[in-house]
Amino acid sequence: MTLAPNEQLPDHDHFEHKAPVGHVRSPRTTPPWWFALPALLLFAFVVLVPSVRGVYYAFTDWDGLDPHFSFIGLGNFADMLSDDDAMQAIRHTLLIAVSITVIQNALGLALALGVNAAIKSRNILRVFLFAPAVITPIVTAYLWRNLLGPEGAVNSLLGAVGLDGWQQDWLGSPRLALWAVVAVIVWQFAGYSMVIFLAGLQSVPKEIHEAAAIDGAGPVRRFWSVTRPLLAPALTINLMLSIIGGIKLFDQVYALTGGGPGHATDTISTLIYKDAFTLGEFGYSIALAVVLTVIVAVASTGQYLVLSRNERAAS
């Protein structure tokens with residue numbers, strides 16, 4: 001083939017490839033859910049199926065060993081209403097959860113405000129105050145069990161400073177044991193709440209505080225009108241974690257007091273353990289677990305709805 005002087009061969013590598021009309025591929029709008037199918041099947045096998053089967057046992061008189069048991073309907077729940085120990089455990093659970101939520105978050109907020117100030121040792125204080133939260137709860141419980149014993153370090157310290165009248169059997173007194181448990185839990189997790197509040201405080205723009213200060217607002221007024229509304233997300237997280245953790249509390253209570261003295265510190269969780277593994281009343285203990293699940297669901301859902309509404313109003 002002969003080419004003209006200025007003629008070139010067509011560049012086949014640079015042809016425009018136009019998609020045929022009617023064959024335009026639309027972008028994917030839905031994720032491929034079937035990728036999650038293996039994880040969902042495993043979750044159903046490990047969690048959902050045992051949970052549903054466990055709820056069924058709550059309506060039986062199963063003792064945990066005998067394969068032959070009877071369906072008794074709402075019998076376990078009716079027995080629960082007339083069981084003083086169960087009612088007392090429910091009251092203790094709610095009291096501990098509310099006490100921990102209020103005290104832990106108030107203390108955590110105070111600590112966060114303190115370590116957020118421009119002091120040289122603030123980083124060391126943050127580590128020191130957060131350290132108890134990384135210790136295993138059961139280890140913390142046994143540590144404080146020795147410290148709060150009749151011959152423990154707390155009573156020895158009180159005697160050393162001349163406060164012999166304040167010495168108590170902190171975990172052996174029905175009047176004080178429950179509050180000793182609350183104090184131990186607050187001691188361990190106040191630093192955890194502090195870290196969450198501290199993250200919220202550090203997200204507040206300094207310019208807003210400076211503008212409020214120029215307008216003549218004092219520290220209390222700046223906190224109430226500027227900082228507090230912007231801390232709503234951190235407050236929501238802290239309250240949700242503390243109320244749910246307080247309701248489900250088991251290991252610290254069982255290690256500190258075993259639910260005693262008597263039933264003075266029994267919670268729903270410790271009573272579930274005793275009824276199942278000590279008395280062999282698995283059906284009744286599962287009914288208690290169902291009640292515990294309902295309490296957690298109602299408390300967390302109600303709290304979330306209220307706090308999320310307040311959070312939207314603050315923003």
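Predicted model: local features only at pLDDT ≥ 70, side-chain atom pairs only at ≥ 80, totals over all residues.
**Exercise 1. Work out how many residues of helix 12 are buried, and name them.**

Step 1. Helix 12 covers residues 268-277, and eight of its 10 residues are buried, which leaves the helix mostly covered.
Step 2. The buried residues in helix 12 are Ile 268, Ser 269, Thr 270, Leu 271, Ile 272, Lys 274, Asp 275 and Ala 276.

**Exercise 2. Decide whether Ser 308 is buried or exposed, and find which backbone oxygen its side chain reaches at 2.7 Å.**

Step 1. Ser 308 is found in helix 13, which runs over residues 282-314.
Step 2. The relative accessible area of Ser 308 is 11%, and because buried means under 20%, Ser 308 is buried.
Step 3. The side chain of Ser 308 reaches the backbone oxygen of Tyr 304 at 2.7 Å, while the backbone oxygen of Leu 305 lies 3.0 Å from a polar atom of that side chain.
Step 4. Residues three or four places apart in an α-helix point the same way, because such a helix has 3.6 residues a turn.

**Exercise 3. Describe the largest pocket and the second largest pocket by volume and by the classes of their lining residues.**

Step 1. The largest pocket has a volume of about 470 Å³, and of the 16 residues that line it, Asn 116, Leu 201, Lys 206, His 209 and Thr 227 lie nearest its centre.
Step 2. At least two lining residues of the largest pocket come from each of helix 7 (177-202), helix 8 (206-214) and helix 9 (219-230), and by class the lining has eight nonpolar, four polar and four charged residues.
Step 3. For the second largest pocket the volume is about 310 Å³, and among its 17 lining residues the closest to the centre are Phe 197, Arg 228, Leu 231, Ala 232 and Leu 235.
Step 4. Two or more residues of the lining of the second largest pocket come from each of helix 3 (84-115), helix 9, helix 10 (232-247) and helix 13, and the classes here are 12 nonpolar, three polar and two charged residues.
Step 5. Arg 228, one of the residues closest to the centre of the second largest pocket, lies over the face of Trp 224 at 4.0 Å from the ring centre.

**Exercise 4. Classify the aromatic pair of Tyr 56 and Tyr 57 and that of Phe 250 and Tyr 254.**

Step 1. The count comes to 16 aromatic pairs.
Step 2. In the pair of Tyr 56 and Tyr 57 the ring centres are 6.0 Å apart and the planes stand at 50 degrees, so the pair is tilted.
Step 3. Tyr 56 is partly exposed because its relative accessibility is 40%, whereas Tyr 57, with a relative accessible area of 11%, is buried.
Step 4. Phe 250 and Tyr 254 lie 5.4 Å centre to centre with 20 degrees between the planes, and this pair is stacked.
Step 5. Phe 250 counts as partly exposed at 26% relative accessibility, and Tyr 254 likewise counts as partly exposed at 35%.
Step 6. Ring pairs link these four residues into a cluster with others, including Phe 59, Trp 62, Tyr 273 and Phe 282.

Definitions and conventions
Residues numbered from 1 in each chain as written. Heavy atoms only, no water. Helix = DSSP H or I, 4+ residues; strand = E, 2+ residues; numbered from the N terminus. Buried < 20%, exposed > 50% of the residue type's maximum accessible area, 1.4 Å probe, protein only. Polar contact = N/O pair within 3.5 Å; in protein donor to acceptor, adjacent residues only side chain to side chain. 1 Å grid on protein atoms, 1.4 Å probe; cavity = no way out; pocket = protein on both sides within 12 Å on 5 of 7 lines; lining within 4 Å. Points joined across faces, edges and corners; volume = space filled by probe spheres on them. Nonpolar A, V, L, I, M, F, W, Y, C, P; charged D, E, K, R; others polar. Phe/Tyr/Trp six-rings, centres within 6.5 Å; stacked < 30°, edge-to-face > 60°. Lys NZ or Arg CZ within 6 Å of the ring centre and 35° of its normal.
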